[in-house]
Amino acid sequence: MKRVKLTVAYDGTNYCGWQIQPNGITVEEVLNQHLSELLREQVKVIGASRTDSGVHALGNVAVFDTEARMPAEKISYALNTRLPQDIRIQDSCEVEADFHPRFRDTVKTYEYKILNRRFPDPTQRLYSLFYYYPLNVEDMRQAASYLVGTHDFKSLCTAKPEVENTVRTIYSAQVDKTGDMITVRICGNGFLYNMIRIIVGTLLRVGSGYLPPEYMKTLIEAKDRQAAGETAPPQGLTLVEIVYP
């Protein structure tokens, strides 16, 4: 028996998120199916990040146990010949038997893209949020700077009964603009449910001039979800990478 680690990239448009659920097809379900067929044994992957419906990934991580003789590094090539075109394995390797993708120290990086222009670009509609009103990127950048550090992010997440600890550490929070595309890039040791999308919703209020940049600091201290902005739509969000220090 060996444990294999996969680095998984996917376009989340056609999936009801990562985790198996009754209301539609998911990335986890597709991986389980094709791995089981490939290795001729029942396989169930364990994912590092349970991305929501419509959210994309360049580097999500999953592990599974197998008795198959196929070398771990060859599984990525064989599996990619079976998977649909919107899911691709970027790497496969053997890891220690007790490696768990969720219960280890990690550095996760997410990006959220905002298309800020007069008219939508249909080629970007599945991978960014279209926002018509002009946005002040410098104000958004200043507001994002208050996120850096270890804080209680209760104001910036959707509450889940099973999550008691809402303290997380953000290592960097950048807001950059190239042409009409604004990219919010946030790196941290972990994120709460809808945290990135609520941060973006709040940054949009700041960039639109409805809130001053300093409000982000006040918001974090308030520990009140009702004080934050809306939850931004999922299609602009991509899990870029998960690093295990």
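Me: What makes L31, H34, L35 and L38 in α1 and I75, A78 and L79 in α2 a contact?
Reply: L31, H34, L35 and L38 in α1 meet I75, A78 and L79 in α2. Contact means heavy atoms within 4.5 Å. The residues divide into 6 nonpolar, 1 polar and no charged. Here Ala, Val, Leu, Ile, Met, Phe, Trp, Tyr, Cys and Pro count as nonpolar, Asp, Glu, Lys and Arg as charged, and the others, Gly among them, as polar. The model is predicted: local features need pLDDT of at least 70, side-chain atom pairs pLDDT 80 or more, while totals for chains, interfaces and linings use all residues. Residues are numbered from 1 along each chain as its sequence is written, and side-chain values use heavy atoms, without hydrogens and water.

Me: Why are α1 and α2 called roughly perpendicular?
Reply: The axes of α1 (residues 27-39) and α2 (residues 72-80) cross at roughly 110 degrees and come within 10 Å. Axes are lines fitted to C-alpha atoms, for helices over the stretch in contact, and angles run from 0 to 180 degrees between N-to-C directions. Angles under 35 degrees count as roughly parallel, over 145 as roughly antiparallel, 65 to 115 as roughly perpendicular, the rest as oblique. So α1 and α2 are roughly perpendicular.

Notes
Helix = DSSP H or I, 4+ residues; strand = E, 2+ residues; numbered from the N terminus.
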